[in-house]
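Open the model in your viewer and keep the sequence beside it. This tour goes from the whole chain to single residues.

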Amino acid sequence: MTKYLINNDDVIRIGQKLYQLSSNSPETDFLKCKDASKDYEKRLIENGVDAEIFHDGNDQDTTALMQGDLVQSKQESDLKFILISTQLMPLQEAKYALDAYSKNQRPNVVKIPNPKPTLKASKQYDKRDHRMTKDIDTLKALVDNAENQGWETIDGVNYGASHTWREVAQLALDLADQQEWFNRYDNKYFN
């Protein structure tokens with residue numbers, strides 16, 4: 001979390017909205033808002049920046065804002081805002097919400113039950129489990145062969161241990177991909 005002291009001429013861009021602090025604004029919390037006339041979606045894609053400060057309103061001279069950063073007026077020290085999601089929230093309002101949450105020692109947490117695996121998903125699990133078991137047995141045999149620096153014959157051509165080690169590496173990478181599928185399956189249905 002970083003605190004930025006800005007001038008009244010500075011503009012804060014969040015998505016396609018432009019905000020400007022103003023101590024004499026009739027709008028709530030002294031914050032003026034208008035839609036941007038320029039498309040800033042490209043900046044999000046290129047730089048990963050969805051919120052930034054335009055110094056003196058210049059969109060070429062900017063400072064990136066991250067979630068939780070504070071923006072405060074240099075001229076009016078009580079004008080403080082925090083960036084939460086896609087909005088600037090007055091710091092006092094954010095403090096009330098955060099204090100209420102932190103004081104509740106036993107918050108009411110409702111855990112949504114996990115979905116049950118479908119018949120198709122269960123069959124897929126069994127199929128992948130069978131394949132992984134077979135691949136592990138193959139991996140063990142290949143490692144044993146490579147450690148003994150044995151020769152492998154494929155289609156009548158003899159290959160040395162280096163070829164076997166390449167197969168071990170390729171099969172190990174394939175097993176890692178298979179394991180990731182099992183991890184996703186477990187996370188979806190059992191966590």
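Among contacts between residues at least 6 apart in sequence, what percentage join residues at least 24 apart? The value is 50%. A contact here means heavy atoms within 4.5 Å.

**Before you select anything**

This is a predicted model, so local features need pLDDT of at least 70, side-chain atom pairs count only at pLDDT 80 or more, and totals for chains, interfaces and linings use all residues. Residues are numbered from 1 along each chain as its sequence is written, and side-chain values use heavy atoms, with hydrogens and water left out.

**Stop 1: the whole chain**

Show the cartoon. The chain has four helices and eleven strands. Both are DSSP runs, numbered from the N terminus: helices are H or I with at least four residues, strands are E with at least two.

Now switch to a surface. The chain exposes about 13500 Å², by the Shrake-Rupley method with a 1.4 Å probe. Carbon and sulfur atoms supply 51% of that area. Of the 191 residues, 29% count as buried (under 20% relative accessible area, 1.4 Å probe, protein chains only).

**Stop 2: colour by confidence**

Colour by pLDDT, the predictor's confidence in each residue, from 0 to 100. The chain mean is 82, and 87% of residues reach 70 or more. Select helix α3, residues 119–147: its mean of 92 is the highest among the elements. Then select helix α1, residues 41–47, which has the lowest mean, 71.

**Stop 3: the five-stranded sheet**

Which strands make up the open sheet of five? In order, they are β4-β3-β2-β5-β6, with antiparallel pairing. Two strands pair if DSSP finds at least two bridges between them. The edges are β4 (31–35) and β6 (62–64), each pairing on one side only. From one strand to the next, the twist averages 25 degrees, using axes fitted to C-alpha atoms.

Zoom in on β3, residues 17–21. Five bridges join β3 to β4 in the antiparallel sense. Pick Leu18: its bridge partner in β4 is Lys34.

**Stop 4: the four-stranded sheet**

Move to the open sheet ordered β1-β7-β8-β9. Its pairing is mixed. Edge strands β1 (3–6) and β9 (87–90) each pair on one side only. Neighbouring strands are turned by 30 degrees against each other on average, direction ignored.

Select β7 (70–73) and β8 (80–84). They pair in the antiparallel sense over three bridges. End at Gln72, which stands opposite Lys80 in β8.

Methods:
Axes fitted to C-alpha atoms, helices over the stretch in contact; angles between N-to-C directions. Buried < 20%, exposed > 50% of the residue type's maximum accessible area, 1.4 Å probe, protein only.
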